[in-house]
Amino acid sequence: AGTRAAFALLLALAGVQTVDSQSVGASWAGVNSFFLHAIPNNGTASEPGLQAVYLDRMKAAGLKVLRIFISATPADYKKSGSHAVKDLETDHVGAPYDDTILGMIDDLMVQTHSRGIKLDIAMHDRYALGCWSVDAYVTTYNLPNGCCKCDTTINQPSAFYVDPSIQQAFDNRLTHILNHPNPHFQNRSWSQLSEAILSFAPENEAQGHLNSIDWGWWCRRAQIIKKHVGTSGILVSTGGSIDMPTGLWPQLYFCPELDIVDLHTYSVDAAYIEQQMRIAATWAVHQGKRLRLQEFGVQSDDWSKSQALGPIMIGMNQMGVPFTPWELVKPANNKDFEFWTSRTTPTNGFMWTDLSKGAAAALTVAAPFSWPEIVSSGPGTPKGDWLFCTINAECANGCCSAEQSTSDGRYKCTPGGTQCTGNLLSSGTLCTGDSDCANSCCSKQYSSRHVCTDGGTPSQCGNAVHGNGQ
């Protein structure tokens, strides 16, 4: 212990940040079912409505979070028996808003809260901007329309994200949603319902597939949301990238008002996803953020879904990163992303079994991020020797180190370790600041983006962006 403390002192004097002070907690799992508020719930005590069946099975599987979108969906969407629902700005932008969808979510919120499930709410969908559907922003502001085959060579609605008048209108939408009173919770506004809502994101996959990205957009929208949620305990998140690389932009990790960086991927390469998530986890730890693999899935039959996504869930549990696969819908679709809970045929039900196992495992092992908002996500069991780690506090032996990982260079809970830095990034890896790097230099001296740079000039080493996420 004395040797380790001495090494930590030397690191501090050298400017290398360790992660001993990072808090830990158990992880969790959830699921996407983005229009569940539109699924009927007109059942009886003896025969629950279909929405209740979804939620009862989620509860039984140990899933803690349900992700939904505030966006229009047609009747019987995905052959689910759902009601048609309009967006609150289907016909025009701004007031008067059509609050029908918010009322449906009010009702859903009662059901999820009673089962210990919290909502993760995307307040708009990028793909309603003339991609898979058309909302009032497209028609009002004449945005390029590639609907409804999502032709992104045509659908480049960049103006939505940069035009000041459109952004003011969108901020008004966010404010309206946050101030919406739920009659089932003493008419308290959504912005204060931390017992029922885990997080808000301004939009699902904002700026997805655009040729030009405004990387400060997320932080400016987060400022609006944070102003309303205040100290309620509701978190503010990014709403997801379109793939792993677009989740690795420093502006997302530096924004003070963003609590969670959400990553999405439809790759089925579990090793690649884990490698990219390891970079993101290092960034998040050093910048005080949390991570989720908020969306991942595969278009296939149920058995193939379980074979492709099971290893990804195992990898996320090894890292302590929460995950929410896409998507829970009845009926399952063996040629698309949807899966269901029961084995209606000999080839269905495997994905749900794997998700249930992953959800149970997520609640047991110490992870590098603490989630006090999830009631049953406790401290987790510290990791044993040689298990993969990101921070020292995950390890029962108190040392997350790569000093004895001569074959793979990966950070593990290392018994008797003396170089207990927590996960640091190797030369050439993207970084947010010097604290991410084993060589203590995050620089773009020799590259177009900031990377951990061997022999970097000290004056050119430092943070990749300004501290305000812009």
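Trainee: Which residues in helix 11 are met by Arg57, Met58 and Ala61 in helix 2?
Mentor: This is a predicted model, in which local features need pLDDT of at least 70 and side-chain atom pairs count only at pLDDT 80 or more, while totals for chains, interfaces and linings use all residues. Residues are numbered from 1 along each chain as its sequence is written, and side-chain values use heavy atoms, with hydrogens and water left out. Helices (H or I, at least four residues) and strands (E, at least two) are DSSP runs numbered from the N terminus. With contact taken as heavy atoms within 4.5 Å, Arg57, Met58 and Ala61 of helix 2 meet Trp352, Ser356 and Ala359.

Trainee: At roughly what angle do the axes of helix 2 and helix 11 cross?
Mentor: Axes are lines fitted to C-alpha atoms, for helices over the stretch in contact, and angles run from 0 to 180 degrees between N-to-C directions. Helix 2 is oblique to helix 11, and the residues of their contact divide into 4 nonpolar, 1 polar and 1 charged. The two axes come within 9 Å, and the crossing angle is roughly 50 degrees.

Trainee: Is helix 10 parallel or perpendicular to helix 11?
Mentor: The axes of helix 10 (residues 302-319) and helix 11 (residues 350-362) come within 8 Å and cross at roughly 10 degrees. Angles under 35 degrees count as roughly parallel, over 145 as roughly antiparallel, 65 to 115 as roughly perpendicular and the rest as oblique. Helix 10 and helix 11 are therefore roughly parallel.

Trainee: How many nonpolar residues does the contact of helix 10 with helix 11 have?
Mentor: Helix 10 contributes residues including Trp303, Leu309 and Met313, and helix 11 contributes residues including Phe350, Leu355 and Ala361. Ala, Val, Leu, Ile, Met, Phe, Trp, Tyr, Cys and Pro count as nonpolar, Asp, Glu, Lys and Arg as charged, and the others, Gly among them, as polar. Beside 4 polar and 3 charged residues, the number of nonpolar residues in this contact is 8.

Trainee: Is Ser33 buried or exposed?
Mentor: Buried means under 20% relative accessible area, exposed over 50%, and partly exposed in between (1.4 Å probe, protein chains only). With a relative accessible area of 2%, Ser33 is buried.

Trainee: Which are the edge strands of the open sheet?
Mentor: The open sheet has 5 strands in the order 2-3-4-7-8, with parallel pairing, where two strands pair if DSSP finds at least two bridges between them. Within it, 5 bridges join strand 3 (residues 65-69) to the parallel strand 4 (residues 118-122), and the partner of Val65 in strand 4 is Lys118. Each edge strand pairs on one side only, and these are strand 2 and strand 8.

Trainee: What angle does the direction of helix 3 make with that of strand 3?
Mentor: Helix 3 (residues 100-114) packs on this sheet and touches strand 3, strand 4 and strand 7. Its direction makes an angle with that of strand 3 of about 175 degrees.

Trainee: How many residues of strand 9 are buried?
Mentor: Strand 9 pairs with strand 10 (residues 290-296) in the parallel sense over 6 bridges, and Arg290 is the partner of Ile260. Ile260, Asp262 and His264 lie on one side, with Val261, Leu263 and Thr265 on the other, and both faces are covered. Strand 9 is largely enclosed by the rest of the structure, because the buried residues number 6 of the 6.

Trainee: What is the relative accessibility of Tyr141?
Mentor: Tyr141 belongs to helix 4 (residues 136-141). Not counting residues up to four places away in sequence, Tyr141 touches Val93, Ala136, Ser165, Ile166 and Ala169. Tyr141 counts as partly exposed, at a relative accessibility of 28%.

Trainee: What is the phi of His209, a residue other than glycine?
Mentor: His209 lies in the loop between strand 7 and helix 7, and it is partly exposed at 38% relative accessibility. Its phi is positive, near 65 degrees.
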